[in-house]
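Please open the structure in your viewer and keep the selection tool at hand.

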Amino acid sequence: LIALVDEASAALVRAAFSPVVRESHDFSCVITDATGALLAQATASIPSFIATLPRTVQHVARTFEGRLGAGDVIITNDPWLGTGHLPDINLVRPIFTANRLVGFAASVAHATDIGGRAASVQMRDVFEEGLQIPPLHFIRGGRRVDETLMAMIRANVRTPDEVAGDLFAMLGGLEVIDSGVTKLLREYGQASLKPFAEELFARSSAAMSKAIAAVPEGEYSVESVIDAVSPELRFTTCVKFSQCRCSIVFNDVPEQLQGSSINSVRAYTQAYALYALKCALLPELPNNEGLWRAVSLEIPQGSVLNHSFPVSGLMRHYLGHEVASSVMTALAQAVPQRATAASGSAPLWSIALTSSPVDGRSLNQLFFFNGGIGASDQRHGDSALSWPSNVAGLPVELKERFAPVRVISKRLRRGSGGAGIHRGGDGLEVSFEVLPWPAPVTLTFNGGRLRVPASGVLGGAPGAIGEFSINGKRVDPYSPHQIRPGDRFTVRTPGGGGFGNPCVTSSPNP
């Protein structure tokens, strides 16, 4: 099944139009059982989709119960049904054998644009994010795409060809999964995925329970500080272990923010909490629903970690990625040999370059940048890699192809990782020159750890903070900036935290 979703993933990438999907791999493909429980997830994937895409499938299964047929495809980007923000478009296709629903093929991908305002932490509500798509039939019975719906989507986005092209690429991936599952069941003489799912979930649940039981019983807490808003946000993450059960409790969580888009829906918060726990305790086991049966979460409703309609969550990664770091840092108190220090890539950094259409040309490009990963008991942190989001940065040549910029330099920020027995990974520095474009260009920065660095653990030093600058001057990263030809701007991502007492001699960071 994993090979099958990986094949679908490869088909999607080969057919995708946008660099966000094709190069940065901000997407996923999954197979679920008939209830929407996760059976397999593509290897090249975003960790948050472990827990968000199956939730979307479950909503679709309930909403359209008895009304789905072979070849149908449902589309939605409802944030509260899964991923937490509108740019992630979900497609769900039921899988039938002998007129019996046996499972679902599903895919999600980050659209280059969904209308609304450019990516910003300053959003009054979800209506400013862009086009909302409730669960709707995109295809019925394998026939043509709903042209009315497609016309509506194309009319509301700045890059209609890229958005539509990626949707068709996703459909191709779902076709691969559907035909593959049908063939697999026929090959093994099975009428359903249910017996396999029950066995898979039972084994995975037992393995996670065993891993949890090996952790010393107790409660391990850490306070998180989010510097993307003023005043800073603080909340406490408490990871509790008792026999074969683990609970993750979020305390002192601020109420959801009106006028800010860094709020996170419950599924997204849950996804990154579970991902960090799995990274530490059971990294080798494939992702599936059974892993989470021994784990519970308590997230206050109406808080920034579990916000309600119509509050915006467009930039929910500011909190979601910190959740992963907070769980991992708490685990360092219990199982230091399995944990890592905080990452400079949590939250993920990006820039958005946008302009109004002129003469049929429009500009709407999103580029990701990675910081240094936190060090561990085993090794130095990796430099300029992504954790926990797992997205790839775009090569220099493609940045210059898709946007009116010239890359002046791209280098590691040597020494930006925190000192320790093992040092944190270094951040990245990339400098750009703005080239002529037929319309005014707006530059929007997004990144955290500009005042509060990635923390070290067990005596390790924090990494260096990040920085945005235009023409050599530091700028407010959370407001849009009008840039002109000849302007230069620079992105300096944070370093990861160090592991262990930095007074102990360490080997050079490779």
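A residue counts as buried under 20% relative accessible area, as exposed over 50%, and as partly exposed in between (1.4 Å probe, protein chains only). The model is predicted, so local features need pLDDT of at least 70 and side-chain atom pairs count only at pLDDT 80 or more, while totals for chains, interfaces and linings use all residues. Residues are numbered from 1 along each chain as its sequence is written, and side-chain values use heavy atoms, with hydrogens and water left out.

Select Arg 144 and Glu 147. Their side chains meet in a salt bridge, with 2.8 Å from N to O. A salt bridge here is a side-chain nitrogen of Lys or Arg within 4 Å of a carboxyl oxygen of Asp or Glu. Side chains of opposite charge can pair when their charged atoms come close. Arg 144 has a relative accessible area of 65% and is therefore exposed; Glu 147, at 43%, is partly exposed.

**Second stop: a network**

Next, select Arg 411, Glu 429, Glu 467, Arg 474 and Arg 492, which salt bridges with shared partners join into one network. The structure holds 22 salt bridges.

Now select Asp 178 and Arg 93, whose side chains form a salt bridge of 2.8 Å, N to O. Asp 178 belongs to helix H5 (residues 160–187) and Arg 93 to strand S4 (residues 88–97), so the pair ties together parts 85 residues apart in sequence. Helices (H or I, at least four residues) and strands (E, at least two) are DSSP runs, numbered from the N terminus. Are these two residues buried or exposed? Both Asp 178 and Arg 93 are buried.

Select Asp 113 and Arg 158, which meet in a salt bridge of 2.6 Å, N to O. Asp 113 lies in the loop between strands S5 (100–110) and S6 (136–139), and Arg 158 in the loop between helices H4 (147–155) and H5, so the pair links parts 45 residues apart in sequence. Asp 113 is buried, with a relative accessible area of 6%, whereas Arg 158 is partly exposed at 26%.

**Last stop: two helices**

Finally, select helix H3 (residues 49–63) and helix H7 (residues 266–281). Their axes come within 7 Å and cross at roughly 140°. Axes are lines fitted to C-alpha atoms, for helices over the stretch in contact, and angles run from 0 to 180 degrees between N-to-C directions. H3 and H7 are therefore oblique to each other; angles under 35 degrees count as roughly parallel, over 145 as roughly antiparallel, 65 to 115 as roughly perpendicular and the rest as oblique.
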